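User: I am new to this structure. Please show me how to read its features, one at a time.

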Amino acid sequence: MNSLVDLRSDTTTQPSAGMRQAMFEAEVGDDVYGEDPTVLALEQTAAEHLGHEAALFVSSGTQSNLIALLTHCQRGDEYIAGNQAHSYLEEGGGGAVLASIQPQPLPNETDGTIDLEAIRKAIKPDDFHFARTRLLCLENTFFGRPLPLDYIEQATLLARQHGLSIHLDGARVFNAAVKQSVPPATIGGCFDSVSACLSKGLGAPVGTVLCGSREFIDAARRWRKVVGGGWRQAGILAAAGIYALKNNVARLAEDHNKANQLAEGLARIDEIEVDEAAIQTNMVFINLPEVAATTLSPFLRDNGILISVEYNPVRLVTHLDITDEGIRHVISTFETYFTQHPLN
Ligand SMILES: *Cc1c(COP(=O)(O)O)cnc(C)c1O
């Protein structure tokens, strides 16, 4: 097997021939002037998909979450987020660094929820000793798990009762919608703003859409310019996004099936512990014996398989460049490795 099976992330996909053709043919203009027809078309279709009036095409999920923070909050405000949430943990503290917006992290449960009572208690009273609690951020999917729909309902109700805005970091919200068999708008529409990545399971090379009300998006557009995100003939990229929304959403179910196949195969290997409950969409989490930390990864690489072993459990992600043959190859290569490296 020569071609690489890259399980590190669903961001590693190559644009398909059809997607490249759409990019090649894209009609473009200067998007800072609002004149790129393909960007405008993407923004409209993304807004419809996610249950909102308007959308903004931005370069990355990180930039999208940052712009959402800047738009919802002002200096001296704070946002509540899970302590394992990407928007709190893995975006360089952007809200604090660039906008004097303070995070209020609260423990994430394994299913991505944050205890409602903990949220209630964390909302600060109107008192000048405190930062102004302004925003609740949720994440979906969370480590491959879709947020329960009834939780979204309860959490957004609670936030509204306390005058908070609600943002969804929906980097993989389409995976959640496919898994839960609901239109993405059913999830997206519950929030004041939603960020969804086109460059993950949907297979686009670049890009994220931030959706919200017309007023919200007009304000967000200002902030996109401030953070250096105004772009010109971005229709080349937007065309990939339109193609992805049209062709690559329903097929996410195939990635979820492949994750299941992978998990089943790996679970048969004694040395590997598969977290069965975590397999909901396109991610598999496995615990590996210590010995594997140093020798497994190079062995897999020699056999054309890429995984990230820095963390245990190791996250394996399926996506549209992983074939059934690829899954079988991964399982048999793990088997070979552990035959050659028995634990006892
Ligand atoms: C990947 C990811 C982001 C950030 O996306 P980038 O495009 O890599 O900046 C944000 N949130 C979650 C949950 C993600 O998985």
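User: How many salt bridges are there between domain 1 and domain 2?

Analyst: A salt bridge is a side-chain nitrogen of Lys or Arg within 4 Å of a carboxyl oxygen of Asp or Glu. Between domain 1 and domain 2 the count is 0 salt bridges. Keep in mind that this is a predicted model, in which local features need pLDDT of at least 70, side-chain atom pairs count only at pLDDT 80 or more, and totals for chains, interfaces and linings use all residues. Residues are numbered from 1 along each chain as its sequence is written, and side-chain values use heavy atoms, with hydrogens and water left out.

User: Where do domain 1 and domain 2 lie in the chain?

Analyst: Domain 1 covers 15-247 and domain 2 covers 251-340. These bounds come from an automatic or database domain assignment. The centres of the two domains, taken over C-alpha atoms, are 29 Å apart.

User: What area is buried between domain 1 and domain 2?

Analyst: The size of an interface is often given as the accessible area lost when the parts come together. Here buried area is the accessible area (1.4 Å probe) that two parts lose on being put together, summed over both. For domain 1 and domain 2 that area is about 1,200 Å². Carbon and sulfur atoms give 59% of that area. The largest share of the side of domain 1 that touches domain 2 comes from helix α8 (residues 173-180), with 4 residues. Helices (H or I, at least four residues) and strands (E, at least two) are DSSP runs, numbered from the N terminus.

User: How many residues of each domain are in contact?

Analyst: Contact means heavy atoms within 4.5 Å. By that rule, 14 residues of domain 1 touch 15 residues of domain 2.

User: How many residue pairs are in polar contact across the interface of domain 1 and domain 2?

Analyst: A polar contact is a pair of N or O atoms within 3.5 Å; within protein, one must be able to donate a hydrogen and the other to accept it, and residues adjacent in sequence count only if both atoms are side-chain atoms. The rule finds 2 residue pairs across this interface, both at pLDDT 80 or more.

User: How many salt bridges does the structure hold?

Analyst: The structure holds 11 salt bridges. One of them joins K124 and E78, with the closest N and O atoms 2.9 Å apart. This pair links distant parts of the chain, 46 residues apart. K124 sits in the loop between α6 (116-122) and β5 (132-139), and E78 in strand β3 (residues 77-82).

User: Which parts does the salt bridge of R160 and D192 tie together?

Analyst: The side chains of R160 and D192 meet at 3.3 Å, N to O. R160 lies in helix α7 and D192 in the loop between α9 (184-188) and β7 (193-197), so the pair ties together parts 32 residues apart in sequence. R160 is partly exposed at 43%, and D192 is partly exposed at 27%.

User: Which residues are linked with R251 in a network of salt bridges?

Analyst: R251, E254 and D255 form the network. D255 is buried at 0%, and R251 is buried at 14%.

User: What is T156 in contact with, leaving aside its neighbours within four places in sequence?

Analyst: T156 is in contact with I166, C190 and F191. T156 lies in helix α7 (residues 149-161) and is buried at 5% relative accessible area. Its side chain reaches the backbone oxygen of E153 at 3.1 Å.

User: Which residues do the cis peptide bonds join?

Analyst: Most residues other than glycine have a negative phi, and most peptide bonds are trans. A cis bond joins N140 and T141, with omega about 0°. T141 is in the loop between β5 and α7. Another cis bond joins N312 and P313, again with omega about 0°.

User: What is the phi of F143?

Analyst: F143 has a positive phi, near 50°. F143 is found in the loop between β5 and α7. S100 also has a positive phi, about 55°, although it is not a glycine.

Note on methods:
Buried means under 20% relative accessible area, exposed over 50%, partly exposed in between (1.4 Å probe, protein chains only).
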